[in-house]
Amino acid sequence: MIDLHYWPTPNGHKITLFLEEAGLPYTIRPVDIRNGGQFTPEFLALSPNNRMPAIVDHAPTGGGDPIAIFESGAILLYLAEKTRRFLPADPHGRYDAIQWLMWQMGGLGPMSGQSFHFNVYAPEKLPYAQDRYAREVARLYGVLDRRLADRDFVAGEYSIADMASYPWIVPHEKLGQDLGDYPNLRRWFDAIAARPATVAAYAKGEAVSSGEQPMTDEQRRVLFGTPPAQ
Ligand SMILES: N[C@@H](CCC(=O)N[C@@H](CS)C(=O)NCC(=O)O)C(=O)O
């Protein structure tokens, strides 16, 4: 019913987390971003920003033609509205979840992505960039830790706000962050990691691409340099 255009990165994991929790049938269509899968005309027709994830729902809510959606936050909202799950119905809870989803999309995700890049991928070590993003990620971890001080999940019940943030906390060690400094975040992280749907979602990712092999020069050019002509 749903095609998921996907590669096992944090933004990709967000969507498998939802689909596994909801038990929706889906087919993974791998987009190998190291080898240019995001630049094919077929994928760009779905996701003009040449970034995965994207979905095509062949049986959209209300019927009609298949619907294609890119941007992981928009996909999570769509799936939550389609299934009426993982997004509270009352306005207070609903906008709690939505504002923390936006917080992840605009803050935790991009800052962690830059921190990862300068810690792991950058061919030269740039202490200014590493420190700048490490400090910002630490600040965001602190925000999330305080939010979780008096509730199990970001918006009370487990929601799309948690599914959006969790995959970006997974690489905390590579970002030089210590969850021991954030006890509420640590408890939340361990609780989500133990959910059967989380285990299943990450196993799906392993089946698509196992682990991080060193990137070739050509793969670095594709992912971080000049893209092929579109
Ligand atoms: N804001 C986008 C970001 C998606 C994104 O950055 N995807 C990365 C992998 S995590 C990607 O497809 N990269 C391909 C490229 O940089 O060419 C979302 O949340 O969906």
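**Ligand site and sheet in a predicted model**

An oxygen atom of the ligand sits 2.7 Å from an N or O atom in the side chain of Gln 38, which makes this a polar contact, that is, a pair of N or O atoms within 3.5 Å (within protein, one must be able to donate a hydrogen and the other to accept it, and residues adjacent in sequence count only if both atoms are side-chain atoms). Glu 71 does its bit through a side-chain N or O atom, 2.8 Å from a nitrogen atom of the ligand, and Arg 51 puts a polar side-chain atom 3.2 Å from a ligand oxygen. On its own the ligand has 520 Å² of accessible area, and the protein covers 81% of that (Shrake-Rupley method, 1.4 Å probe; for residues, only the protein chains shown count as cover).

A word on the source: this is a predicted model, in which local features need pLDDT of at least 70 and side-chain atom pairs count only at pLDDT 80 or more, while totals for chains, interfaces and linings use all residues. Residues are numbered from 1 along each chain as its sequence is written, and side-chain values use heavy atoms, with hydrogens and water left out.

The shell around the ligand (residues with a heavy atom within 4 Å of it) includes Thr 9, Asn 11, Ile 33, Asn 50, Met 52, Pro 53, Ser 72, Met 105 and Leu 223. By class, the shell splits into five nonpolar, five polar and two charged residues; here Ala, Val, Leu, Ile, Met, Phe, Trp, Tyr, Cys and Pro count as nonpolar, Asp, Glu, Lys and Arg as charged, and the others, Gly among them, as polar. Pro 53 belongs to the loop between helix H2 (41-46) and S3; helices (H or I, at least four residues) and strands (E, at least two) are DSSP runs, numbered from the N terminus.

Now for the sheet. Four strands form an open sheet in the order S2-S1-S3-S4, with mixed pairing, where a pair needs at least two DSSP bridges. Strands S2 (26-30) and S4 (67-70) are at the edges with a single partner strand each, so one side of each has no neighbour in the sheet. From one strand to the next, the twist averages 20 degrees. S1 (residues 2-6) and S3 (residues 54-57) run antiparallel and are joined by four bridges, with Leu 4 opposite Ile 55 in S3.

Over in strand S2 is Ile 28.

Technical notes. Axes are lines fitted to C-alpha atoms, for helices over the stretch in contact, and angles run from 0 to 180 degrees between N-to-C directions.
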